[in-house]
Amino acid sequence: MAKSSPLLDYLVDHLALLGDARGRAMFGGFGVYLDGFIIGIIAFDTFYLKADDTNRPAFEAAGSQPFTYQQGRHTATITAYWECPADVLEEPEQLRSWAAASLSVSRRAKPPAKKRAKKAADPKPSRRKPAPKTKRKMKQ
């Protein structure tokens, strides 16, 4: 699996004006992140942006489709990610606008991975009651 791609490099370069733009290899493609939040994925050389009810109508109006892939003999559809329209991808200002909308979707959904990992790493209080202290007999 490649550790980078021309599309990922292009996205990171143009999205850097919005914050810390990065890519991370995942599932044969890449996750695209802004400030620790996933805003999109690159799969099969196509960029998909994160969507919800607030920005999905823009994707539908542009004629975009949700992310799909083959799962055995069936086609799986992931409606959380929609194909970035070609005209948006080619215009950096529009790309940043759509990416900012996807960043808002991710921020509403959950905290960034770093914060979740830190929270999970915090030790949980023990449910066990401490053993009662007993007096030891000293040998003389």
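The backbone oxygen of Lys50 sits 2.7 Å from a polar atom in the Ser102 side chain. Keep in mind that this is a predicted model.

Where is Ser102? It lies in helix α4, residues 92–109. And is Ser102 buried or exposed? Its relative accessible area is 0%, which is under 20%, so Ser102 counts as buried.

Now look along the chain. Ser102 and Lys50 are 52 residues apart in sequence. In space, their C-alpha atoms are 5.1 Å apart. Which residues does Ser102 touch, leaving aside neighbours within four places in sequence? They are Ile39, Leu49, Lys50 and Asn55.

Let's follow Ile39. Again leaving aside neighbours within four places, Ile39 has a list of contacts that includes Leu15, Val32, Leu49, Ala99, Ser102 and Leu103. Tyr33 and Tyr48 are on that list too.

Next, the cores. The largest nonpolar core has 23 residues. Ile39 is among those with the most contacts inside it, along with Leu11, Leu15, Val32, Ile42 and Phe47. Which elements each supply at least two residues of this core? Three are helices: α1 (6–15), α3 (86–90) and α4. The strands are β2 (29–34), β3 (37–43) and β4 (46–50).

On to the backbone. Most residues other than glycine have a negative phi. Two residues here deserve a look. Phe27 has a phi near 50°, a positive value, and is not a glycine. Phe27 lies in the loop between β1 (21–26) and β2. Is Phe27 buried or exposed? Its relative accessibility is 82%, which is over 50%, so Phe27 counts as exposed.

The second residue is Asp35. Its phi is positive as well, about 50°, and Asp35 is not a glycine. Find Asp35 in the loop between β2 and β3. At 32% relative accessibility, Asp35 counts as partly exposed.

Last, confidence. The chain averages a pLDDT of 87. Of the residues, 77% score at least 70. Which element has the lowest mean pLDDT? That is helix α5, residues 113–121, at 59. Strand β4 has the highest, at 98. Where pLDDT is low, the predicted coordinates should not be read in detail.

Conventions:
Residues numbered from 1 in each chain as written. Predicted model: local features only at pLDDT ≥ 70, side-chain atom pairs only at ≥ 80, totals over all residues. Heavy atoms only, no water. Helix = DSSP H or I, 4+ residues; strand = E, 2+ residues; numbered from the N terminus. Buried < 20%, exposed > 50% of the residue type's maximum accessible area, 1.4 Å probe, protein only. Contact = heavy atoms within 4.5 Å. Polar contact = N/O pair within 3.5 Å; in protein donor to acceptor, adjacent residues only side chain to side chain. Core = buried A, V, L, I, M, F, W, Y, C linked by side-chain atoms within 4.5 Å. pLDDT = per-residue confidence, 0-100.
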